[in-house]
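Hi,

Here is the structure you asked for. Please open it and keep it beside this email as you read.

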Amino acid sequence: MFRYFHLTWFILYTAYCGLLIWCWVAWIRMKPKTWRNWRAATIAVGILCTTISATLSVFLYVHALYTGGYPFYHPVELRCIRWGSLTALLGIVAAIAGKGRGRIPLAVISVLNLVMWFADAMAQ
């Protein structure tokens, strides 16, 4: 078993990825109606930004499990924090400006992403 593995964080990341997959499925179901106006297309951009942010977060989690964590101010972690925070903020903006069924879950995931990136940055 990995030294830094905690069941609570594993369950959180699994639920987190499940909610993100549910957002993609909801968006694919409404896809024919998506490109009618810019507000509906904004949800697609928001889901893409949130997916990038979540992918970076999961990458750092898995990489830290295998390597045993990061030293302070590690360049890979700082770059992921920077890009992950930016894409989480873009996801929040897209959730505010967008229109459609996936708007609320997108806002929840984006805010959760931003809180996780802020906590990661504060741990530095």
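A94 touches T42, I43, G46 and L106, leaving aside its neighbours within four places in sequence. Contact here means heavy atoms within 4.5 Å. A94 lies in helix α4. Helices are DSSP runs of H or I with at least four residues, strands are runs of E with at least two, and both are numbered from the N terminus. A94 counts as buried because its relative accessibility is 4%. Buried means under 20% relative accessible area, exposed means over 50%, and partly exposed is in between, with a 1.4 Å probe and protein chains only. A94 also pairs up with V45: 49 residues separate them in sequence, but their C-alpha atoms are 7.0 Å apart in space.

A word on the source. This is a predicted model, in which local features need pLDDT of at least 70 and side-chain atom pairs count only at pLDDT 80 or more, while totals for chains, interfaces and linings use all residues. Residues are numbered from 1 along each chain as its sequence is written, and side-chain values use heavy atoms, with hydrogens and water left out.

Now the whole chain. It has five helices and zero strands. Of its 124 residues, 39% count as buried. The C-alpha atoms fill a box of roughly 50 × 25 × 15 Å, taken along the principal axes. Take the contacts between residues at least 6 apart in sequence: 77% of them join residues at least 24 apart.

Two serines come next. S53 lies in helix α3. Is S53 buried or exposed? S53 is buried, because its relative accessible area is 0%. S85 is in helix α4. S85 is buried too, with a relative accessible area of 19%. Beyond residues up to four places away in sequence, S85 touches C80, L114 and W117. S85 and W117 are 32 residues apart along the chain, and their C-alpha atoms are separated by 6.0 Å.

Y73 sits in the loop between α3 and α4. Y73 is not a glycine, yet it has a positive phi of about 60°. Y73 counts as exposed because its relative accessibility is 56%.

Next, the largest pocket. Its volume is about 700 Å³. A pocket is an open set of points on a 1 Å grid over the protein atoms alone, where a 1.4 Å probe fits, with protein on both sides within 12 Å along at least five of seven lines; lining residues have an atom within 4 Å of a point. Of the 22 lining residues, L60, Y61, A64, E77 and D120 are the closest to the centre. Which element gives the most to the lining? That is α5, with six residues. By class, the lining has 14 nonpolar, six polar and two charged residues. Asp, Glu, Lys and Arg count as charged; Ala, Val, Leu, Ile, Met, Phe, Trp, Tyr, Cys and Pro as nonpolar; the others, Gly among them, as polar.

Last, E77. It belongs to helix α4 (residues 75–97). E77 is buried yet has no salt bridge. A salt bridge is a side-chain nitrogen of Lys or Arg within 4 Å of a carboxyl oxygen of Asp or Glu. The nearest side chain of opposite charge, R79, is 12 Å away. Leaving aside neighbours within four places in sequence, E77 is in contact with L60, Y70, P71, D120 and Q124.

Best wishes

Definitions and conventions: Lys and Arg count as positive and Asp and Glu as negative; His and the chain ends are not counted. Grid points are joined across faces, edges and corners, and a volume is the space filled by probe spheres set on the points.
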